[in-house]
Amino acid sequence: MNRTFAIKSYGCQMNVYDAERMAESLVADGLVEAPEDAADIIVFNTCHIREKAAEKLYSEVGRSVSKAKDAGRRKPVIAVAGCVAQAEGAEIANRARAVNVVVGPQAYHRLPDLLRAQNATGAAGKTALVDTDMPKASKFDVLPQRSRRAASAFLTIQEGCDKFCAFCVVPYTRGAETDRPMDAILAEAQVLASQGALEITLLGQNVNAWHDPSDKQRDFGTLLARVASVPGVQRLRYMTSHPRDVTEAMVRAHADIPQVMPYLHLPVQAGADRTLAAMNRRHDVAFYMGLIERFRTVRPDIAITSDFIVGFPGETEEDFQATIDIVEAVGYAQAFSFKYSPRLGTPAAERTDQIDEAVKGERLQRLQAAIAAQALAFNRRTVGQICDILIERRGRRPGQWIGKSPWLQSVVVDGDFAIGDMVAVEMVAAWANSMEGRVMTPAKRQAVAAW
Ligand code: 5AD
Ligand code: SF4
């Protein structure tokens, strides 16, 4: 019988992408995907961006092992992948004896081999196999072709980061910035589109810093145009962008390329110049606001989202107030916000002016209230709009579906659909985190077309 596996993924979209590629390579190696409680192998694809990641991993591993034991099953083989694997390496297997394989984000193409080697030694192989190499040759060159079918697909174009923001572990866990060649990206986009992807989201820690490694003239703006012209691609998104890497071509793409959606995730992290400088973000508030204005000039309806950190070392009440000010000035459609979490090995963790946890918590609450108010205001502005939504999943009630608008809002709609349908709706109601849509009748659609 074929061995079975389950992958549990945490963290960002790139981990979602990596999990899919790991699954594809295990399937190509003859393994079969199964629910976690029936799997011979469980892969934990971990995130290390904020604290307690390792502790969370150990307790999850423990829970999986005891669940199998309680059910009278054999202990599953445990593999740890992702950024905790990179950061902690062999230490993971020392702390959690149940772990059999540790594989870093740049080495997961070797996961099938590691699992095979682990299987060959079986119970006799007491020490875990650890591979946290960052090999020169890219995993993308050896991974099998994409085989997952989905109406909305991720495509990693760039990995790693050279920016070294003072709070961030990414440059250490994902390594230096590396760009995939344009031809490889286009080939993958073609495969995804031919398998039914209507929407592609290009991924990278600094997605807009991308350049074709063999021709630096081809930048991210060029790439957007090329991917948009792949037959079948109706929607194109990308994340995460860095303000310092915004180019005119990228701004123009939102006006000139119909497939490029009116959505931009452009993290600012904080609203005070003092904090931005201390974070080593390499730009100030005025520069950021200038970028927002450029995008809005070419695409006035664009949805802008950000990430924020509150309680960075040294942040005063006045600095924090500047973060609230920028939220209100930009009018974000959504934003993620976090309490600053000191990460070992990053410069900010060394600072002696750390902020009290209670103060961080209180600031986070105020920030999230400000973001929710802006999100609601944004959503209200889209009421009355007619747009296509891409159906992603069923809603809570029978006959109810949830799809994504061009502005990446979740739109609830009643009707008889299937996942992957593109459906024209009129937006009829708004909340802070979702919208209600009504399917356009053919008559109304015609009337709109005639405007
Ligand atoms: N503490 C809190 N938030 C962090 N982020 C990155 N590092 C940290 C940290 N040490 C947030 C940033 C980033 C997002 C992915 O995670 O806002 O944009
Ligand atoms: Fe981390 Fe800054 Fe790089 Fe983003 S740009 S991955 S926050 S170091």
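Me: Which strand does β1 pair with, and in what sense?
Reply: In this predicted model, strand β1 (residues 4-9) pairs with β3 in the parallel sense, over five bridges. Isoleucine 7 stands opposite valine 43 in β3.

Me: And how many bridges between β3 and β4?
Reply: Six, again in the parallel sense, with β4 covering residues 77-82. Phenylalanine 44 has valine 80 as its bridge partner in β4. Together with helix α2 (residues 53-70), β3 and β4 make a right-handed β-α-β unit.

Me: Is β3 buried or exposed?
Reply: Mostly covered: six of its six residues are buried. One side carries Ile41, Val43 and Asn45, the other Ile42, Phe44 and Thr46.

Me: Switching to ligand 2. What surrounds it?
Reply: Its shell includes Cys161, Cys165, Phe167, Cys168, His242 and Arg281. The shell residues divide into seven nonpolar, two polar and two charged.

Me: How many aromatic pairs are there?
Reply: Five. In one of them, phenylalanine 167 and phenylalanine 312 have ring centres 6.4 Å apart and planes at 85°, so the pair is edge-to-face.

Me: Where do those two lie?
Reply: Phenylalanine 167 is in the loop between β8 and α6, and phenylalanine 312 in the loop between β15 and α12, so the pair ties together parts 145 residues apart in sequence. Both are buried.

Me: What about phenylalanine 312 and tyrosine 340?
Reply: Their centres are 5.4 Å apart with planes at 70°, so that pair is edge-to-face. Tyrosine 340 sits in the loop between β16 and α13 and is buried, with a relative accessible area of 2%. Phe167, Phe312 and Tyr340 form one aromatic cluster.

Key. Residues are numbered from 1 along each chain as its sequence is written. Chains are lettered from A and ligands numbered from 1 in the order in which they are written. This is a predicted model: local features need pLDDT of at least 70, side-chain atom pairs count only at pLDDT 80 or more; totals for chains, interfaces and linings use all residues. Side-chain values use heavy atoms; hydrogens and water are left out. Buried means under 20% relative accessible area, exposed over 50%, partly exposed in between (1.4 Å probe, protein chains only). Helices (H or I, at least four residues) and strands (E, at least two) are DSSP runs, numbered from the N terminus. Two strands pair if DSSP finds at least two bridges between them. A crossover is right-handed if, with the strands pointing away from the viewer, the path from the first strand over the helix to the second runs clockwise. A residue is near a molecule or strand if one of its heavy atoms lies within 4 Å of it. Ala, Val, Leu, Ile, Met, Phe, Trp, Tyr, Cys and Pro count as nonpolar, Asp, Glu, Lys and Arg as charged, and the others, Gly among them, as polar. Rings of Phe, Tyr and Trp (its six-membered ring) pair if their centres lie within 6.5 Å; planes under 30 degrees apart count as stacked, over 60 as edge-to-face and the rest as tilted.
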